[in-house]
Amino acid sequence: MHDRFLGWARARGGTMFHVNHEPGAEIHHTDPFAVPTGRRSPVRRLRGRLAAPVTLWTAPGPAGLTVSSTLVAEGEPDRLLGLVDAESDLWAAIEAAGRFAVAPLGPPHRQLADRFAGLFPSPGGLFATGGWTDTDYGPVPTDAGGWAGCRLDTAREYGWALLVEATIETVDLAEETAPLLHYRGRYHELG
């Protein structure tokens, strides 16, 4: 496994960083997995410059995924669009149930967002910690600023993701809360 990793790192022009066993020492000063600036995709860099709301999509099962590519379109009927990973547990649950919930996340939800993005450990499962409200569309965080219940209309490959199109069937708004934003690979707050 170690040799496979070394081959992978070298193929990407990476440098191996050595661990300093001194207490409080840094492992490395840069991200060893970062693509060098000159080799980064201009489209990916453009996407990183567009601030996006951080939302949590859940479905009966339960399954969930942090999604930062969500758009609401008012109309008759009201619609919701988003890009999700076709290989995610969330997509399998949405496809099976035909419905899902979307909750905008706020600054207190950074760890929750990371957990559902697969970036933070989740011993006992994704829904094992925190408060959850069960809905017909999927569980939603009890402290979210609200949520929308959506019926799946269609999905199709779009770039490297699935473009999910849905009809908003219900909206439950709590008191207004500040949004959590994703910008240039990090979470940000307004203000």
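## Surface and overall make-up

The protein chain exposes about 12,500 Å², and carbon and sulfur atoms supply 53% of that area. The model described here is predicted. Of the 191 residues in the protein chain, 32% count as buried.

The secondary structure comprises 4 helices and 12 strands. Where contacts in the protein chain join residues at least 6 apart in sequence, 61% of them link residues at least 24 apart.

Strands β9 and β10 form a hairpin in which 2 residues lie between them. In the turn, Gly 159 has a positive phi of about 65 degrees. Strand β9 covers residues 146-158 and runs antiparallel to β10, to which 12 bridges join it. One of the paired positions is Gly 146, whose bridge partner in β10 is Leu 173.

Strand β10, residues 161-173, is also joined to β5 by 6 bridges, and these two strands likewise run antiparallel. Within this pairing, Val 84 has Leu 162 of β10 as its bridge partner. In general, strands of a sheet pair through backbone hydrogen bonds, in either a parallel or an antiparallel manner.

Ala 86 is located in the loop between β5 (79-84) and α3 (89-97). Because its relative accessibility is 40%, Ala 86 counts as partly exposed; the category spans the range between the buried limit of 20% and the exposed limit of 50%.

Leaving aside residues up to four places away in sequence, Ala 86 touches Trp 91 and Leu 162. Ala 86 and Ala 155 are separated by 69 residues in sequence, while their C-alpha atoms are 9.6 Å apart in space.

## The three-stranded open sheet

An open sheet of 3 strands is arranged in the order β1-β11-β12, with antiparallel pairing. Its edge strands are β1 (52-53) and β12 (186-189), each of which pairs on one side only.

Strand β11, residues 180-183, is joined to β12 by 4 bridges, the two strands running antiparallel. Across this pairing, Leu 181 stands opposite His 188 in β12.

Technical notes: Residues are numbered from 1 along each chain as its sequence is written. This is a predicted model: local features need pLDDT of at least 70, side-chain atom pairs count only at pLDDT 80 or more; totals for chains, interfaces and linings use all residues. Side-chain values use heavy atoms; hydrogens and water are left out. Buried means under 20% relative accessible area, exposed over 50%, partly exposed in between (1.4 Å probe, protein chains only). Contact means heavy atoms within 4.5 Å. Accessible areas come from the Shrake-Rupley method with a 1.4 Å probe; for residues, only the protein chains shown count as cover. Two strands pair if DSSP finds at least two bridges between them.
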